[in-house]
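Please take a look at the structure below and keep it open as you read. We will walk through it together, one region after another.

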Amino acid sequence: MNRCYVFLISVILSLISCKKYEDSVSQADYLMVVTSASSLGDMGYNDQIMSGIMHFYEANDVSMNLVRPHKTEEASQAIHKWQTETKGKGKSLLVLAGSEYERLLTIGELNLSDNQQILLFESKNQNLPEGVNTFHINRYGASYLAGCMAKEHEAATIIAAMPGDPILEESIQGFTDGYQAHSDKRVELVYLSDKEDGFAKADSAYRVASEIQNAFIFPLAGGSNSGIYKYSRETDFYLPLIVGMDTDCSMYSNRVPFSMVVHIDKVIEQYLTDWMNDALMEKNQTFGLESGMIDIAFSPVFYRNLDIWENYYENEDYWVNAYQSHKAEAIGKEEEYEKN
């Protein structure tokens, strides 16, 4: 998704959010979306969420309100307001587009009325109150597959936003296991911060990228990933290769042979469509590599723009062959990971 489209979405949703709240909740079908703090502009996961929501909104007669909280307290207030003002009215769905909001649903009593439902992103918690649905994108298998595909490279480096984030740690483990299963080299891990601002440190990511001599970079830093792509664009004959993250990132750098794509736009659009059609949503659902909702996408321009390369991938079939050789293995490893 390009930045012009992101800006357009921001403007449209700002206008939607400025509608008088009381007018919105009186409509037959009402949707409130609470975005993650690291919201629009990350050129990846969060932008794809908004793309899916906007596609649904444009195709359906539904009233919508967008809340972009800067603090957890603001999100908590939005949840309380939604619950109070939609109770007993038309059908209403609250979308919490971030795993950080799970804790808010476990504090105090959350008694939803029959017309209210909540959809929480990236949670495996099966003990949340009635009316709360969750889903999780399992990134272990796709990350493992990316690690396998990087096996011939002489080194591998993970650049992550922060330690302790369950989603990041799952990806870190997967890529590390995949790479080290087929290489005697160890994976280096670099964190940009010890807290959530690591997702918004593009300058720090730029500096880290400048210090890497030759490695396969697996970037897990949200909006900060733009700093890595930027350095690779500005540096002639940059040796490292980079895995594109969350969406097809081939346009951001000539050094991206493939991307690990999360089709979160399709996931959220399907959930919203099911809700709109009164279809029963599963209480908890996980989408892994086998589901197709997360997969590897090959760059259509990598070899066309190649100005420096290594022998192991000079054959244009290398990446496709590596993908096909290790996909079944990655799916099996993901199944084992889920059981543990």
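Glu 170 counts as buried, because its relative accessibility is 3% and buried means under 20% relative accessible area, with exposed over 50% and partly exposed in between (1.4 Å probe, protein chains only). You will find Glu 170 in helix H6, residues 166-180; helices here are DSSP runs of H or I with at least four residues, strands are runs of E with at least two, and both are numbered from the N terminus. Leaving out residues up to four places away in sequence, Glu 170 touches Lys 124, His 136, Ile 137, Asn 138, Arg 139, Tyr 140 and Tyr 337, where contact means heavy atoms within 4.5 Å.

A word on the ground rules: this is a predicted model, in which local features need pLDDT of at least 70 and side-chain atom pairs count only at pLDDT 80 or more, while totals for chains, interfaces and linings use all residues. Residues are numbered from 1 along each chain as its sequence is written, and side-chain values use heavy atoms, with hydrogens and water left out.

Tyr 337 counts as partly exposed, at 27% relative accessibility. Neighbours within four places in sequence aside, Tyr 337 is in contact with Asn 138, Tyr 140, Glu 170 and Gln 173. From Tyr 337 to Tyr 101 it is 236 residues in sequence and 25 Å in space, C-alpha to C-alpha.

Next, turn to strand E1, residues 29-35, where seven of seven residues are buried. Asp 29, Leu 31, Val 33 and Thr 35 are buried on one side, and Tyr 30, Met 32 and Val 34 are buried on the other. E1 pairs in the parallel sense with strand E3, residues 91-97, over seven bridges; two strands pair if DSSP finds at least two bridges between them. Within this pairing, Asp 29 stands opposite Lys 91. E1 also pairs in the parallel sense with strand E2, residues 63-67, over five bridges, and there Val 34 has Val 67 as its bridge partner.

Two backbone angles deserve a look. Most residues other than glycine have a negative phi. Phe 237, however, has a positive phi of about 55°. Phe 237 lies in the loop between helix H8 (225-234) and strand E9 (241-242), and is exposed, with a relative accessible area of 55%. Asp 246 has a positive phi of about 75°. Asp 246 belongs to strand E10, residues 244-246, and is buried at 13% relative accessible area.

Finally, step back to the whole protein. There are ten helices and 13 strands, and buried residues make up 55% of the 340 residues. The C-alpha atoms fill a box of roughly 65 × 40 × 35 Å along the principal axes. Among contacts with a separation of 6 or more, 72% are between residues 24 or more positions apart.
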